[in-house]
Amino acid sequence: MIENLSIRPFVAGTDTSHLSDIWFRASMIAHDFIGEQTLREQKSLMEAVYLPMANTMVACLDNRPVGFASLMDDHIAALFVDPDCQGQGIGKALLRHVENGRNTLSLEVYTDNDSAVGFYRAMGFTVVSTRETDDQGLPHPNAKMLWNRA
């Protein structure tokens, strides 16, 4: 594990704005094909709906949030790392943390996000289905990926 990295539960009062900022900045890079206006609209939903309803774990370096993973049962609804901290193993640490105690995990990823698809494949996920539109019905293909404990 990365030195000084800790993973703890989400605290709405102190984490919401930090995590939505991480989500937005990472999404502007990884999901640039969606467009800034749509991402700004989704940022409000992230703060008001998605973070509060999910089981979210926060990765911190020296007590500063640098990433998070949000789960709905055994489905990873979100996994994002601060763009300034990517490539250090934080995403891998979050994924290993949420795998603990589970036999299976699922997620959906934009197929145009090559780095995320590659990351999840390297972590043992396989594509089980695809669809041509995202949750909003926009033409952004998604892949459903599944991980099973060996």
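This is a predicted model: local features need pLDDT of at least 70, side-chain atom pairs count only at pLDDT 80 or more; totals for chains, interfaces and linings use all residues.
## A helix, a loop residue and a helix pair

Helix H3 is followed by Gly101, which has a positive phi, near 85°.

**Helix H3**

- H3 spans residues 90–99 and is mostly covered, with seven of its ten residues buried.
- Those buried residues are Ile90, Gly91, Ala93, Leu94, Leu95, Val98 and Glu99.

**Met123 in its loop**

- To find Met123, look in the loop that runs between helix H4 (114–122) and strand S6 (126–131).
- Met123 has a relative accessible area of 8%, so it counts as buried, the cut-off being under 20%.
- Leaving aside residues up to four places away in sequence, Met123 touches Lys92, Leu95, Arg96, Glu99 and Trp147.
- Between Met123 and Arg96 there are 9.0 Å in space, C-alpha to C-alpha, although they are 27 residues apart in sequence.

**Helices H1 and H2**

- Two packed helices are described by the angle between their axes and the distance between the axes.
- For H1 (residues 12–30) and H2 (residues 36–53), the axes come within 10 Å and cross at roughly 150°.
- Angles over 145 degrees count as roughly antiparallel, and H1 and H2 are therefore roughly antiparallel to each other.
- The crossing of H1 past H2 is right-handed.
- On the H1 side, the contact is made by Thr16, Leu19, Ser20, Asp21, Trp23, Phe24, Ser27 and Met28.
- On the H2 side, Glu36, Leu39, Arg40, Gln42, Lys43, Met46, Glu47 and Leu51 take part.
- Sorted by class, this contact of H1 with H2 has seven nonpolar, four polar and five charged residues.

Notes. Residues are numbered from 1 along each chain as its sequence is written. Side-chain values use heavy atoms; hydrogens and water are left out. Buried means under 20% relative accessible area, exposed over 50%, partly exposed in between (1.4 Å probe, protein chains only). Helices (H or I, at least four residues) and strands (E, at least two) are DSSP runs, numbered from the N terminus. Contact means heavy atoms within 4.5 Å. Axes are lines fitted to C-alpha atoms, for helices over the stretch in contact, and angles run from 0 to 180 degrees between N-to-C directions. Angles under 35 degrees count as roughly parallel, over 145 as roughly antiparallel, 65 to 115 as roughly perpendicular and the rest as oblique. A crossing is left-handed if the near helix is turned anticlockwise from the far one by less than a right angle, and right-handed if clockwise. Ala, Val, Leu, Ile, Met, Phe, Trp, Tyr, Cys and Pro count as nonpolar, Asp, Glu, Lys and Arg as charged, and the others, Gly among them, as polar.
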